[in-house]
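User: Please take a close look at a single part of this structure and describe how that part sits among its neighbours.

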Amino acid sequence: MRRARIGSIIVLLACAACACSGADDGPDYPRDGVLRVDQLQVKGTHNSYHQRADKPLPEWDYAHAPIDEQLRDFGVRQIELDVHYAKDGTFPVFHVPGLDDRSSCATLRACLEIVRDWSRANVGHHLLFVLVEPKDDVDAVKIVGRYDALDQRILEVLSRERVLTPDDVRGSHASLRAALEADGWPTLGSTRGKVMFVMLDSGVHRDNYLAEHPTLEGRVMFARGGTSEPWASVIEIGDARGRGDEIRAAVDAGYLVRTSADSPQDSDADNRASATAAMASGAQIISSDFPARVPERDYWLELRSRCNPRTAAAPSDCSDSDVEALR
């Protein structure tokens, strides 16, 4: 009897330890081994850090809530960060020096710490997307040649096992493209709690990031663009109303596609039409300047993470709670 009682106490202590660790706090996702990353559709924000300047140009006339609020309250699952390089070795986050430089998080490290802390507190979230745009066109100090430091900064905040990298997707295949054509994207279950980074550049920064890493081997971020190139996996196609066929073709070919839902310069009616077209297109990432209601407009992007209407359209195959049950 004494031995049984001691055993019961041990079991109770073990259960308490599990509860404290948060190991069993996440929702149950029975289709996690079947549904894949390209079968979801998520809301993102354009220049997620952005704060309104005193006298903004029309295209800069918007302000986002802090990133943790976007993730928590608005269902945002993709953020975009414009990064610069400073002489002290940091990567400041803002839009344009002097003209449009207000940010809700001052550096890449600070922004990613917000993402990391939200992720830790929300067990069971699906894959998050962080788009990193090197934006040093008018900067005295350039980012070229500092890509290893950029990768390292990411891994200083997020541990390697919390990041989905090109190596993870490529596996034993010769290239990313070959892996996607043979196996498709990873399952939702294998990527829950993780973050995927994409370099948002199609020119000198992307080319230099790929130098000596032609299939992105050893790199932290995926690269934007490409069609049949060995590293091609994520593309951006704007204007879903006019280029919907392009988006659908890219989605059918196995790419992750990001498109835009709206613009501060457009009317509410035009933004609604654009958002409707973007969501219907099957693009996996729908980026918005209006992820929640704002006093001065009637339009906002009403989207929570859901089954992709093109790649996971059958109700019997996917329900939105299979994608993410956090609310």
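This is a predicted model: local features need pLDDT of at least 70, side-chain atom pairs count only at pLDDT 80 or more; totals for chains, interfaces and linings use all residues.

Analyst: Two strands are taken to pair if DSSP finds at least two bridges between them.

Six of the six residues of S1 are buried, so the strand is largely enclosed by the rest of the structure. In a regular strand the side chains alternate between the two faces of the sheet. Accordingly, Leu40, Val42 and Gly44 point one way from S1, while Gln41, Lys43 and Thr45 point the other way.

S1 has several strand partners. With S10 the pairing is antiparallel, over two bridges, and Leu40 stands opposite Cys307 of S10. With S9 the pairing is parallel, over four bridges; there Lys43 has Ile286 as its bridge partner. S1 also pairs in the parallel sense with strand S2 (residues 76-83), over two bridges, and Lys43 stands opposite Val76 in S2.

H10 has 14 residues and reaches 20 Å from its first C-alpha to its last, close to the 20 Å expected at 1.5 Å a residue. Its buried residues are Asp268, Asn271, Ser274, Ala275, Ala278, Met279 and Ser281. They cover an arc of only 155° around the axis, which puts them on the same side of H10. The face of H10 turned away from its buried side carries the exposed residues Ala269, Thr276 and Ala280. Just after H10, Gly282 takes a positive phi of about 95°.

Definitions and conventions:
Residues are numbered from 1 along each chain as its sequence is written. Side-chain values use heavy atoms; hydrogens and water are left out. The expected span of a helix is 1.5 Å times one less than its number of residues. Buried means under 20% relative accessible area, exposed over 50%, partly exposed in between (1.4 Å probe, protein chains only). The arc is that of the directions from the helix axis to the C-beta atoms.
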